[in-house]
Amino acid sequence: MTNTTTWLTGLITVAILLVYEAALLLVERRNPARLARSAHATLREEWFAALSKQRGSEILAVQTLRNSLMSATMTASTAALGLMGAATLAAPSLNASFGAGDVNSGQFTARLALELVLMTVLFASLVCSAMAVRYYNHAGFISSMPVDSDERGRWAPTGAVYLRRAGLLYSWGLRHLLMVAPLLASIVYPLAGPVAAVIVVVALLGFDRFTPA
């Protein structure tokens with residue numbers, strides 16, 4: 001397979017994912033209620049508001065947030081392990097291209113470009129998931145405050161904001177992990193990249209669409 005074909009299939013793979021995300025952002029601006037992540041962000045805010053009105057709900061809130069915190073932690077751990085593997089995968093290519101001899105003679109190949117994109121996606125997943133852990137942790141402290149206390153009333157708006165941010169960041173962390181599949185496919189066999197990208201987009205389309213019951 002020629003280098004031109006590898007570059008072309010790699011660009012198509014990345015372009016499919018970027019176009020879908022751009023279209024999703026456009027839909028979110030025009031009609032947020034159509035997207036699951038917007039609807040679920042509102043759900044978390046209303047959940048927090050509802051529990052804030054019920055005495056004795058502090059333990060339930062903390063337990064629920066602990067489950068979300070664990071999920072975000074697992075996503076962050078998976079992204080970190082994947083990033084280490086991707087760095088190991090890219091190291092020989094980086095060394096072959098720029099590690100020895102004249103730097104100007106190094107070739108920036110399509111495979112190396114895809115490996116760097118893969119590392120970027122995994123790093124983005126790690127950052128989003130780690131930030132979700134941070135916000136869930138702070139929201140847990142707020143939720144554990146007695147409902148009738150002045151401190152809870154003062155921090156309640158912040159808690160709702162933190163829950164919304166945590167959920168959105170967790171969603172982004174998972175999305176970036178799913179995007180790893182077409183990038184890996186393109187690295188292993190370039191022609192499989194666009195096909196895998198289309199499959200991932202179709203799968204995301206089902207998850208992203210929100211249909212009220």
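Buried means under 20% relative accessible area, exposed means over 50%, and partly exposed lies in between (1.4 Å probe, protein chains only). By that rule, H176 is buried, because its relative accessible area is 14%.

## Basis of the model

This is a predicted model: local features need pLDDT of at least 70, side-chain atom pairs count only at pLDDT 80 or more, and totals for chains, interfaces and linings use all residues. Residues are numbered from 1 along each chain as its sequence is written, and side-chain values use heavy atoms, with hydrogens and water left out.

## H176 and V121

H176 sits in helix α5, residues 150-188. Helices here are DSSP runs (H or I, at least four residues), as strands are (E, at least two), numbered from the N terminus. Setting aside neighbours within four places in sequence, H176 contacts V121, A124, S125 and C128. Contact means heavy atoms within 4.5 Å.

V121 returns the contact. Not counting residues up to four places away in sequence, V121 touches H176, M179, V180 and L183.

## Two nonpolar cores

A nonpolar core is a set of buried Ala, Val, Leu, Ile, Met, Phe, Trp, Tyr and Cys residues joined through side-chain atoms within 4.5 Å. The largest one has 18 residues. Within this core, L17, Y20, L118, V121, L122, V180 and L183 touch the most other members. Two or more residues come from each of α1 (3-30), α3, α4 (110-143), α5 and α6 (192-208).

## How α5 packs

Take α1 with α5. The two helices pack at about 160 degrees, with axes 9 Å apart. Axes are lines fitted to C-alpha atoms, for helices over the stretch in contact, and angles run from 0 to 180 degrees between N-to-C directions. The packing angle therefore makes α1 roughly antiparallel to α5. Angles over 145 degrees count as roughly antiparallel, under 35 as roughly parallel, 65 to 115 as roughly perpendicular, and the rest as oblique. On the α1 side, the contact uses T9, G10, T13, V14, L17, Y20, E21 and L24. On the α5 side, W172, R175, M179, P182, L183 and S186 take part. The crossing of α1 and α5 is right-handed. A crossing is right-handed if the near helix is turned clockwise from the far one by less than a right angle, and left-handed if anticlockwise.

Now α5 with α6. Their axes come within 7 Å and cross at roughly 160 degrees. These two helices are therefore roughly antiparallel to each other. α5 also passes α6 in a right-handed crossing. From α5, the residues that meet α6 are R175, L178, A181, P182, A185 and S186. Their partners in α6 are A192, G193, A196, A197, V200, L204 and D208.

## A buried loop serine

S57 lies in the loop between α2 (36-51) and α3 (58-99). S57 is buried, at 6% relative accessible area. The S57 side chain reaches the backbone oxygen of L51 at 2.6 Å. S57 touches L51 and V147, not counting residues up to four places away in sequence.

## Exposed helix positions

M84 is in helix α3. At 51% relative accessibility, M84 counts as exposed.

R154 is in helix α5. R154 is exposed too, with a relative accessible area of 56%.

Conventions. Polar contact = N/O pair within 3.5 Å; in protein donor to acceptor, adjacent residues only side chain to side chain.
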